[in-house]
Amino acid sequence: MELGNWFASGGVVMLPLLGFSILAVALIIERIAFWMRVAHRQDRLVRDVLALYKRNPQTAFLRLQENLDLPMARIFLAALELDRPNPEEFRLALESAAQAEIPLLKRFNTVFETIISLSPLLGLLGTVLGLIQSFASLKVGDIGGSNTVSVSAGVSEALISTASGLAVAIFTLLFANTFRGLYLRQVALIQEYGGQLELLYRRRSEQQGVTPYAST
């Protein structure tokens with residue numbers, strides 16, 4: 001069956017399912033681009049910054065400013081921009097900045113969950129409407145007669161709408177779970193790298209007896 005005929009045979013629920021599928025694809029593309037950027041650049045940036053901080057905190061600060069599109073860079077800068085913080089204030093700044101990045105890392109999760117939940121329900125609604133059409137076209141004693149085409153069309157609508165709803169939900173669920181896994185890994189890395197920067201700050205502060213670096 002051609003795609004156009006498939007869409008037409010699915011009934012009225014195919015319109016919202018089409019909208020859901022287009023929305024899901026657009027958001028998935030945006031999330032893939034975001035996570036590819038993070039995966040490609042962020043780990044190397046953090047390692048470089050931690051190494052630079054041991055030698056020259058100001059150089060590390062400038063390197064972070066060049067990568068403000070990465071979550072970890074914004075988190076580190078939130079602490080390094082403080083004016084002569086003590087270690088406790090430094091830690092709180094890291095934690096607050098990390099919490100502020102959570103919505104960005106979880107972006108569109110609610111939309112994905114809505115699509116995953118509603119798509120099968122729309123498919124089920126199409127099934128019910130298709131069966132209603134089938135039974136409405138069926139007359140006692142007319143099995144195999146002129147109304148057979150209408151009955152077949154109703155059954156076809158029921159099956160196509162169900163299959164389409166499940167397909168949209170399964171496709172979206174696959175990527176949503178992938179993004180959720182990337183989010184959880186990123187949270188763990190934020191805690192790990194944030195702890196490393198905090199430790200370096202504390203050691204440098206204790207050794208020098210002054211704040212290692214603060215932006216002006």
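Is Arg31 buried or exposed, and what is its relative accessible area? Arg31 is buried, with a relative accessible area of 1%, where buried means under 20% relative accessible area, exposed over 50%, and partly exposed in between (1.4 Å probe, protein chains only).

## Basis of the model

The structure is a predicted model, in which local features need pLDDT of at least 70 and side-chain atom pairs count only at pLDDT 80 or more, while totals for chains, interfaces and linings use all residues. Residues are numbered from 1 along each chain as its sequence is written, and side-chain values use heavy atoms, with hydrogens and water left out.

## Overall architecture

The protein has seven helices and zero strands, and its elements run α-α-α-α-α-α-α from the N terminus on; helices (H or I, at least four residues) and strands (E, at least two) are DSSP runs, numbered from the N terminus. Of the 216 residues in the protein, 39% are buried. The accessible surface comes to about 12,000 Å², of which 63% belongs to carbon and sulfur atoms; accessible areas come from the Shrake-Rupley method with a 1.4 Å probe, and for residues only the protein chains shown count as cover.

Among the contacts in the protein with a separation of 6 or more, 76% are accounted for by residues 24 or more positions apart, a contact being heavy atoms within 4.5 Å.

## Arg31 and its salt bridges

A search of the whole structure finds 10 salt bridges, each defined as a side-chain nitrogen of Lys or Arg within 4 Å of a carboxyl oxygen of Asp or Glu. In one of them Arg31 is joined to Glu30, with the closest N and O atoms 2.8 Å apart, and Glu30 is partly exposed at a relative accessible area of 26%. Glu30 also forms a salt bridge with Arg107, where the closest N and O atoms are 3.6 Å apart. This second pair links distant parts of the chain, since Glu30 is in helix α2 (residues 14-55) and Arg107 is in the loop between α5 and α6, 77 residues apart. Arg107 is partly exposed, with a relative accessible area of 38%, and Glu30, Arg31 and Arg107 are linked in a network of salt bridges.

Arg31 also lies over the face of Phe34, at 4.4 Å from the ring centre; a charge sits over a ring if NZ of Lys or CZ of Arg is within 6 Å of the ring centre and within 35 degrees of the ring normal. Elsewhere, Glu198 and Arg202 form a salt bridge with their closest N and O atoms 3.1 Å apart, and both residues lie in helix α7, four residues apart, about one turn of the helix. Glu198 counts as buried at 15% relative accessibility, whereas Arg202 counts as partly exposed at 28%.

Helix α4 (residues 71-80) is mostly covered, with eight of its 10 residues buried; among them are Met72, Ile75 and Phe76. Tyr193, which lies in helix α7, counts as buried at 9% relative accessibility and touches Asp43, Val46, Leu50, Met72 and Phe76, not counting residues up to four places away in sequence. Tyr193 and Met72 are 121 residues apart in sequence and 8.5 Å apart in space, C-alpha to C-alpha.

Glu101, placed in helix α5, is buried with a relative accessible area of 9%. Leaving out residues up to four places away in sequence, Glu101 touches Pro71, Arg74 and Ile75.

## Aromatic pairs

The count comes to five aromatic pairs, under the rule that rings of Phe, Tyr and Trp (its six-membered ring) pair if their centres lie within 6.5 Å, with planes under 30 degrees apart counted as stacked, over 60 as edge-to-face and the rest as tilted. Phe90 and Tyr201 form a stacked pair, 4.0 Å centre to centre with 10 degrees between the planes. This pair links distant parts of the chain, with Phe90 in helix α5 (residues 87-105) and Tyr201 in helix α7 (residues 148-208), 111 residues apart. Both Phe90 and Tyr201 are buried. Ring pairs also link Phe112, Phe171, Phe175 and Phe179 into a cluster.
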